[in-house]
Amino acid sequence: MILFEDFVLRAFAAGLAVATVGGPIGCFVVWRRMAYFGDTMAHAALLGVALGLLASAPIPAAIALVGAVLAVALTFLRRRGRTRTDTLLGIFAHAALATGLVALSFIEGVRIDLMAYLFGDILAVSQGDLARIATGALLVLAVMARIWRPLLSVTVNAEIATAEGVPPLRYELAFMILIAVVVAVAIQIVGILLVTAMLVLPAAAAREFARTPEGMAAGAVVVGALAVAGGIAGSVQFDTPVGPSVVLVAFAVFLLAVAAASLKR
Amino acid sequence: MSETLVTARGVTVVRDGRAILDNVDLEVRDGEIVTIIGPNGGGKTTLLKAVLGLLAPTSGSVERRRNLRMGYVPQRFVPDRGLPLTARRFLALAPGARSEDCDRALHEMGAESLADAQLATLSGGELQRILLARALLRKPELLLLDEPTQGVDLGGEQDLYELITTVRDRHACGVLMVSHHVHVVMGTTDRVVCLNRYVTCSGRPTEIRRDREYLKLFGENAAALLGVYAHHHHDHHDDASVEASARQEAS
């Protein structure tokens, strides 16, 4: 049976790793209203791809690096206070995307599969890719566990946290860099265009039944895992693109959660 | 002897070319309740934030006692409905908060029954109590309250101010509070600072009531406030006569 072929099993494993980090990170993306920031990171990823190819560096590392630099730049521009955050994101998302596309046009002789970056190519996950994805996921989870409580406090109310001696800037910056890493890791699975969906959809679905922040994060992991498993299985079965299939399953789960929660009330 | 907790000297805050605070001096000592009053846009919240270190003054200095533990209740806090959080868990977010600290703070605010309620479902008065509980959790040496009776109904206001006095007595902490309930605050505060971009007057409530600048700021409102004030049951017997004289001088 094709579902138990090696490459499909690797896809499942990589997808589960991404769902596991996507849950907690996605919750904070929702709580901090950073969905558009996630999109900006995804757009900038194309610049990371171009730079990685030009410097013959590993592509996920280049994507994460570009994202982290952008996160720092955005933080300081936002502190200036003249330009609103959504305007800044609108500027940088597209400036980075344009730069990436122009840079890619300069790379001769290398034919890159743009579609794979835009929509993900989970079924082409190699042994090495899987190891990198798992390492990235573990790293993000470890940092997240360490900063969980202060980041939550800063997210609920930054001023109270500051008064209590918890500096918001440090944790906000750390979280943005984590998003950059997650985007770099998750792009191979769902692609640039859909990566934010994997952060926002599971968290939003989990919100319907959660009573605690941790409960919501755990719920988001479960929803993400369901989406990945269902999406990959569907993609193999019906020969549909993987990324969109995964997102569709997540969307279906979200709709079900909303409907069930509404009925309960 | 009471020690100085925080001293602000010549604090000036300029935003986009407009001075929000102009050369403001302020001091809060151990065990003392200082109330900042003044018109809207007079810089009350900005001064509180400068004292807290939430914003850096354009010029002037704020000196806090070394390792000063501060508790803060902000002016506006609307819990996000997208973040599931019980009142108890909200308290536990304070650094170093243990479970028994949360219980004690909830008990002190008479808010035990709210412990398992979602933060976003609390009423204005309930939320204010939970915010106060969070501020008290770490046994603060200085409590900073920005309009602590916001969203609290009339009967509850007086109760809340009495609660703040009780807290000060029990914790022996300094309190710096912003309020525009001028007359209610008079009975519970040790010192009043009238702020309208700069400090127009300051001193004990009994002194301040006769100050020209104070009357200029609040005299014309005294009559209206007296109307509101009459609904309160209270025990500050000299208020009515002072307010009457304030009215007289203002007219």
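1. Once neighbours within four places in sequence are left aside, Leu130(A) is in contact with Arg10(A), Ala13(A), Ala14(A) and Val125(A). Please keep in mind, here and below, that this is a predicted model. Leu130(A) itself lies in helix H6 of chain A, which covers residues 127–156.

2. Is Leu130(A) buried or exposed? Its relative accessibility is 19%, so Leu130(A) counts as buried, the cut-off for that class being under 20%.

3. As to the fold around this residue, chain A has 11 helices and zero strands, and the order of elements from the N terminus is accordingly written as α-α-α-α-α-α-α-α-α-α-α. Of the contacts in chain A between residues at least 6 apart in sequence, 78% join residues at least 24 apart.

4. The overall dimensions of chain A deserve a comment, because a compact globule of 265 residues would have a radius of gyration near 18 Å, and the value for chain A, 18 Å, agrees with this. Taken along the principal axes, the C-alpha atoms of chain A fill a box of roughly 55 × 50 × 30 Å.

5. Buried residues account for 50% of the 265 residues in chain A. The accessible surface of chain A is about 12000 Å², and carbon and sulfur atoms hold 68% of that area. For the charges, the mean position of the 17 positive ones and that of the 14 negative ones in chain A are 13 Å apart.

6. Turning to the contact between the two chains, 28 residues of chain B and 23 residues of chain A take part. The area buried between chain B and chain A is about 2200 Å², with 54% of it given by carbon and sulfur atoms. On the chain B side, Leu83(B), Pro84(B) and Leu93(B) together supply 25% of the area that chain B buries against chain A, which is more than any other three residues supply.

7. With a relative accessible area of 19%, Arg191(B) is buried. Not counting residues up to four places away in sequence, Arg191(B) touches several residues of its chain, among them Glu27(B), Glu32(B), Thr35(B), Arg204(B) and Pro205(B).

Note on methods. Residues are numbered from 1 along each chain as its sequence is written. Chains are lettered from A and ligands numbered from 1 in the order in which they are written. This is a predicted model: local features need pLDDT of at least 70, side-chain atom pairs count only at pLDDT 80 or more; totals for chains, interfaces and linings use all residues. Side-chain values use heavy atoms; hydrogens and water are left out. Helices (H or I, at least four residues) and strands (E, at least two) are DSSP runs, numbered from the N terminus. The radius of gyration is taken over C-alpha atoms; the globule rule is 2.2 Å times the number of residues to the power 0.38. Buried means under 20% relative accessible area, exposed over 50%, partly exposed in between (1.4 Å probe, protein chains only). Contact means heavy atoms within 4.5 Å. Accessible areas come from the Shrake-Rupley method with a 1.4 Å probe; for residues, only the protein chains shown count as cover. Lys and Arg count as positive and Asp and Glu as negative; His and the chain ends are not counted. The place of a charge is taken as NZ of Lys, CZ of Arg, CG of Asp or CD of Glu. Buried area is the accessible area (1.4 Å probe) that two parts lose on being put together, summed over both.
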